[in-house]
Amino acid sequence: MWTINEIFQSLQGEGYNTGTASVFVRFSGCNLKCGFCDTAHQSGTPMSLPQIVEAIMQWPKAPLVVLTGGEPSLWVTAEMLAAIKRLTGKRIAIETNGTRPLPEGIDWVTLSPKFTFEGGDALPCVLRSCNELKVVYCGQDLSVYDGIETRHRFLQPCFVADAEQCRRNVEACVEAVLSHPEWRLSLQTHRMLNIR
């Protein structure tokens with residue numbers, strides 16, 4: 001049994017796969033307590049693997065399953081991934097903070113390390129490679145991410161409740177990308193579209 005916060009279909013709103021129809025499987029719980037976390041992932045419902053697959057297959061045409069949280073690496077196993085792929089025919093992506101090794105069977109790894117943030121520095125980032133590196137940006141030194149091997153680097157402005165601070169975070173992010181063009185801007189398009 002796995003504790004699942006929610007399973008829903010939407011468009012991927014961030015990073016490389018922005019705009020892709022996806023089924024999100026949000027696991028409950030995280031091993032970090034980042035002060036800026038905007039996801040209410042703490043509660044959940046125990047679900048068996050057949051129940052998870054059945055929920056995913058409510059949307060048979062979506063090509064991508066996104067495992068998210070919380071921190072999904074606390075729960076996913078190679079056997080679970082193999083079963084989801086076999087029974088749904090979908091590609092599997094994961095959004096992880098990188099503090100735990102990942103099992104085999106994931107098609108796309110989005111690494112979003114939090115070690116530059118209070119509450120996010122409780123555990124080291126152990127992943128050193130990924131498909132995309134997506135950094136929540138608040139003006140930190142980007143050289144701390146140089147040791148992570150990836151083909152795609154994204155900076156995403158940190159979303160906060162204060163509108164003026166959000167505006168400043170966006171401006172800082174744009175300036176950082178202009179100064180470091182190996183990075184690309186990622187916006188939370190689902191917020192702009194008012195979708196999940």
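1. This is a predicted model, and I begin with Tyr145, which has a relative accessibility of 0% and therefore counts as buried, the cut-off being under 20%. Phe115, by contrast, is partly exposed at a relative accessible area of 26%. The ring centres of Phe115 and Tyr145 lie 5.4 Å apart with the planes at 40°, so the pair is tilted. Because Phe115 sits in the loop between strand 6 and strand 7 and Tyr145 in the loop between strand 7 and strand 8, the pair ties together parts that are 30 residues apart in sequence.

2. Ring pairs join Phe115 and Tyr145 with Trp183 in a cluster, and Arg153 lies over the face of Trp183, at 5.4 Å from the ring centre.

3. Four aromatic pairs are present in the structure; among them is that of Tyr16 and Trp108, whose centres are 4.8 Å apart and whose planes meet at 25°, so that the pair is stacked. Tyr16 belongs to the loop between strand 1 and strand 2 and Trp108 to strand 6, the two being 92 residues apart. Tyr16 is partly exposed at 41% relative accessibility, whereas Trp108 is buried at 10%.

4. Helix 1, residues 49-56, has Leu49, Ile52, Val53, Ala55 and Ile56 buried; viewed down the helix axis, these buried residues fall within an arc of 160°, so they line one face. Pro50 and Glu54, on the other side of helix 1, are exposed. The buried residues of helix 1 pack against strands 1, 2, 3 and 4 and against helix 2.

5. Asp141, in the loop between strand 7 and strand 8, is partly exposed at 47%, and its side chain makes a polar contact of 2.8 Å with that of Ser143.

Definitions and conventions. Residues numbered from 1 in each chain as written. Predicted model: local features only at pLDDT ≥ 70, side-chain atom pairs only at ≥ 80, totals over all residues. Heavy atoms only, no water. Buried < 20%, exposed > 50% of the residue type's maximum accessible area, 1.4 Å probe, protein only. Helix = DSSP H or I, 4+ residues; strand = E, 2+ residues; numbered from the N terminus. Arc of directions from axis to C-beta. Contact = heavy atoms within 4.5 Å. Polar contact = N/O pair within 3.5 Å; in protein donor to acceptor, adjacent residues only side chain to side chain. Phe/Tyr/Trp six-rings, centres within 6.5 Å; stacked < 30°, edge-to-face > 60°. Lys NZ or Arg CZ within 6 Å of the ring centre and 35° of its normal.
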